[in-house]
Amino acid sequence: NLAHDNRILRNRLKSALDNRKYPVDGQLWPLLYLGVKLLRHDEALELLARRGFGSEAGIILRTMFEAAVNIMWITKDAEDGLVPKLKRYSDYQVFVSQKYRDYTNNSGVLNNLTEEERDKWKQYNDILTERAFELKDEYGFTYRSWSGTTLKEMANDVGWGERYDTLYQIYSDMIHSGVLSVPEY
């Protein structure tokens, strides 16, 4: 029954997103992204669980939990904190993508581009790199967390500390290639 109800909810949400008549406000894209991520993962979770891949479904469940905690934390105290949290989330994406630009610059992959394409890459890369360092200084960003706090602290802050302890932590122990997952395999 729960899986059936979940499917109905998922389909209604997908339909509402598909039928919206206006674009999503630029500031709200993190919430839409996280919501769609939850919808897609929910469907994948159901398919894996139905086929008997419970441990593998647990990996997706952990990711869903992270997305849900992020949504809850962003929207907590929405009247005062929503816009700054959404901006911080968006700005973190610019900052954290620097590691991929660094990888691209150091990997030799640019050697496959024409000189014109490399020049264009360098132009965009320089702009984004400068912005990433500005954001790092502004927020004190590290590659650990966009919010400046841990997932556990965010979960506690939104009243989901017990869920973190029972769902996230247990699945973390089970899905990693350690002794606790031996019986599953």
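Which side chain meets that of Asp-157 in a salt bridge? The partner is Lys-76, at 3.1 Å from N to O, where a salt bridge is a side-chain nitrogen of Lys or Arg within 4 Å of a carboxyl oxygen of Asp or Glu. Asp-157 lies in helix α7 (residues 151–157) and Lys-76 in the loop between α3 and α4, so the pair ties together parts that are 81 residues apart in sequence.

The model is predicted, with local features requiring pLDDT of at least 70 and side-chain atom pairs counted only at pLDDT 80 or more, while totals for chains, interfaces and linings use all residues. Residues are numbered from 1 along each chain as its sequence is written, and side-chain values use heavy atoms, without hydrogens or water.

The chain contains 8 helices and 0 strands (DSSP runs numbered from the N terminus, H or I of at least four residues for helices and E of at least two for strands). The C-alpha atoms fill a box of roughly 55 × 45 × 35 Å along the principal axes. Of the 185 residues, 31% count as buried (under 20% relative accessible area, with exposed over 50% and partly exposed in between; 1.4 Å probe, protein chains only).

Helices α2 (residues 29–50) and α3 (residues 54–75) have axes that come within 9 Å and cross at roughly 155 degrees; axes are lines fitted to C-alpha atoms, for helices over the stretch in contact, and angles run from 0 to 180 degrees between N-to-C directions. This makes α2 roughly antiparallel to α3 (angles over 145 degrees; under 35 is roughly parallel, 65 to 115 roughly perpendicular and the rest oblique).

The structure holds 8 salt bridges. Lys-76 and Asp-157 are linked with Asp-77 in a network of salt bridges. Lys-76 is partly exposed, at 27% relative accessible area, as is Asp-157, at 36%. Asp-77, partly exposed at 45%, has a positive phi of about 55 degrees although it is not a glycine.

A salt bridge also joins Lys-152 and Asp-165, at 4.0 Å from N to O. Lys-152 belongs to helix α7 and Asp-165 to helix α8 (residues 161–175), so this pair ties together parts that are 13 residues apart in sequence. Within helix α6, Glu-134 and Arg-131 lie 3 residues apart, about one turn of the helix; their closest N and O atoms are 3.2 Å apart in a salt bridge. Helix α6 (residues 115–139) also contains Ile-127, which counts as exposed at 52% relative accessibility.
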